[in-house]
Amino acid sequence: MTTLPDTTRPGQKKLGLVIDLDTCVGCQACAVSCKEWNTQGYSAPLTDLEPYGPDPSGAWLNRIHGYETGEGDNARGLHFPRSCLHCETPACVTVCPTGASYKREEDGIVLVNPDTCIGCKLCSWACPYGAREYDQDDGVMKKCTLCVDRIYNENLEPEDRKPACVKACPTGARHFGDLGDENSGVSQLVKSRGGFELLPQMDYKPVNRYLPPRARRDKAGDVEAAPLETVGKGDGSLAERVFSWIDEVLS
Amino acid sequence: MHPAYSVILFTTASGAGYGLLALLGLTGANHGSASDFWFGAASMLVALGLITVGLLSSTFHLGHPERAWRAFSQWRSSWLSREGVLAVATYVPACLFGLLWVMPDSNEILLKLLGTVTAILAMVTVVCTAMIYASLPTIRAWRHWMVVPVYLIFSIATGAALLFALASVFGRTGIPALGIITIVALTLAAVAKLIYWAGIDNMKPMYTMGDATGLGGDVRQWELPHTSENYIQSEMGFRVARKHGQKLRMIVGGCLVAAMVLVWLAFAFGGGAGPVLAVLAVVLAGVGAVVERWLFFAQAKHVVSLFYGEQSV
Ligand code: SF4
Ligand code: SF4
Ligand code: SF4
């Protein structure tokens, strides 16, 4: 059903990701592990066309952009991972003519049913965040599943029941949890770091949050250290002159 | 937005078909049975044929055409689904009307009823087509208030040109109302398009790259997420140079004006050349509609382009 479930009830679970733009180093580990997991998971396959040819293309559920902000000395580069934000009121769900694109009531995850999608691509037009990629070979729409086949997967060890991208990130820049619960770790993190949502003006109400880069420090901190000792005592003694002669010869 | 040929063909062909169908419905509702069996049959076949070709071509760009029937299920929320439902529903009164209309001396009340219902359903289907685009919050050029009127008026104008040509070919020249409707509709189409173009050209940018990324201020792209073009770029990143855009707009206007002149010539000096001029007018109106539709896609910017280096939309 492509009408949206009521997600305004108190205590509504809103699973999502919190992405730290301060610590992301753009290593692409999350994108690769996402591709690796999902090409054999719920969205399988995630086709690549001509992967070794001159013009490869393919469906990926997570992409990492590089942006630069600020001017002159204050300019800084940062990496910007972009995947589905599992919005609360997304038009990508309501425009779908078949009901293949849907939002789960129990946890808010937005999914595409690969068995009923007709591949009309309208949902990808309705997403402001570019989170949906059409799989040309499979003929259906692909998108981030929030690793629904990992997070509830009882065949995995409890510590592995997290999205593949979160597990793969070497700097811990991706966090997964319930953003509907204000006491959850991710909600606390968003609160303490001033996490924000993308394009709130569009009123899709994304669940995922981004943590802004921390304020730039221009100078190294002042560190107390003893001044370096000068060579010799500076008293014109024989030893002093010998040392300064050696110093001259060597320098 | 990438202008997909199947979608352009679908919206223009079925648009003209629904326009013609609506006009035939109104003709039958007001004037009773068709004056000539072959004229009636040919007109109905052209209308339903164009609609059917359009609908079929719209399924060509689907990844799974064999599942197309599923698209009838979500009419509660989806304009695409509503369009599918109405497109199919329109066949029922349209076919009944057609059968009745081509027969001599059919029951006038029944004709009035079926003709009116057919005309209304045909136009509502065109509104649904337009709403598929006009309801997307991500493409500002398609949110413009003229989008639905433009779809409707192009449907009626191309349909009227078709009806005028069919009437001429079957020797039904000199029906003043038909000539006037065609010329007025083509004029309105050109005016509607001018209003739309002026509107989208004067739109102030609403979002910047700083807004989209949440980073604020001046944001520059220094690295793409991938080494070759991906789906988002090819589908949503299509651009047409402003220069070419202007030229193509002139072509649309030129085609519509030329079609108007031809209809007028055929009407005023008809004679043996009448049908030829009228058919030429249909071709010109058709080319105008196709180029117009191509531009409708090509000149629409998607919000997602902000993540790919577009500074504002
Ligand atoms: S990010 Fe896009 S695909 Fe994901 S829920 Fe929001 S609108 Fe839909
Ligand atoms: S591409 Fe599939 S999921 Fe998307 S709107 Fe069409 S049918 Fe629905
Ligand atoms: S949650 Fe899973 S599907 Fe979504 S981006 Fe991460 S790895 Fe990919």
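Modeller: A residue counts as near a molecule or strand if one of its heavy atoms lies within 4 Å of it. This is a predicted model, in which local features need pLDDT of at least 70 and side-chain atom pairs count only at pLDDT 80 or more, while totals for chains, interfaces and linings use all residues. Residues are numbered from 1 along each chain as its sequence is written, chains are lettered from A and ligands numbered from 1 in the order in which they are written, and side-chain values use heavy atoms, with hydrogens and water left out.

Biologist: Which residues come nearest to ligand 1?
Modeller: Of the 14 residues around ligand 1, the nearest are C84(A), C87(A), C92(A), C127(A) and R132(A). The shell around ligand 1 divides into 11 nonpolar residues, one polar and two charged. In these classes, Ala, Val, Leu, Ile, Met, Phe, Trp, Tyr, Cys and Pro are nonpolar, Asp, Glu, Lys and Arg are charged, and the others, Gly among them, are polar.

Biologist: And which are closest to ligand 2?
Modeller: Ligand 2 is surrounded by 13 residues, of which C96(A), C117(A), C120(A), K121(A) and C123(A) are the closest. By class, its shell has nine nonpolar, three polar and one charged residues.

Biologist: What surrounds ligand 3?
Modeller: The residues around ligand 3 include C34(A), N38(A), C144(A), C147(A), C165(A) and R174(A). Two helices, α1 (29-38) and α5 (164-168) of chain A, each supply at least two residues of that shell. Helices (H or I, at least four residues) and strands (E, at least two) are DSSP runs, numbered from the N terminus. The shell around ligand 3 has seven nonpolar residues, four polar and one charged.

Biologist: Changing topic, how many residues of chain A are in contact with chain B?
Modeller: 60 residues of chain A are in contact (heavy atoms within 4.5 Å) with 52 residues of chain B. The two chains bury about 4,500 Å² between them, 60% of it on carbon and sulfur atoms. Y67(A), I118(A) and W125(A) supply 18% of the area that chain A buries against chain B, more than any other three residues. Buried area is the accessible area (1.4 Å probe) that two parts lose on being put together, summed over both.

Biologist: How many salt bridges cross that interface?
Modeller: The rule, a side-chain nitrogen of Lys or Arg within 4 Å of a carboxyl oxygen of Asp or Glu, finds two between chain A and chain B. One salt bridge joins the side chains of R220(B) and E71(A), at 3.3 Å from N to O. The largest share of the side of chain A that touches chain B, seven residues, comes from β4(A). That side of chain A comprises 31 nonpolar, 19 polar and 10 charged residues.

Biologist: Which strand of chain B is joined to β4(A)?
Modeller: Four bridges join β4(A) to strand β1 (residues 219-223) of chain B, and the two run antiparallel. DSSP must find at least two bridges between strands for them to pair. T69(A) has V219(B) as its bridge partner in β1(B).

Biologist: Back within chain A, what does E105(A) meet in a salt bridge?
Modeller: The side chain of E105(A) meets that of R9(A), at 3.6 Å from N to O. This pair links distant parts of the chain, 96 residues apart.

Biologist: Where is the cis peptide bond?
Modeller: The cis bond joins A44(A) and P45(A), with omega about -10°. P45(A) lies in the loop between α1 and β2 (48-49) of chain A. Elsewhere, H86(A) has phi near 45°, a positive value in a residue other than glycine, and is found in the loop between β5 and α2 of chain A.
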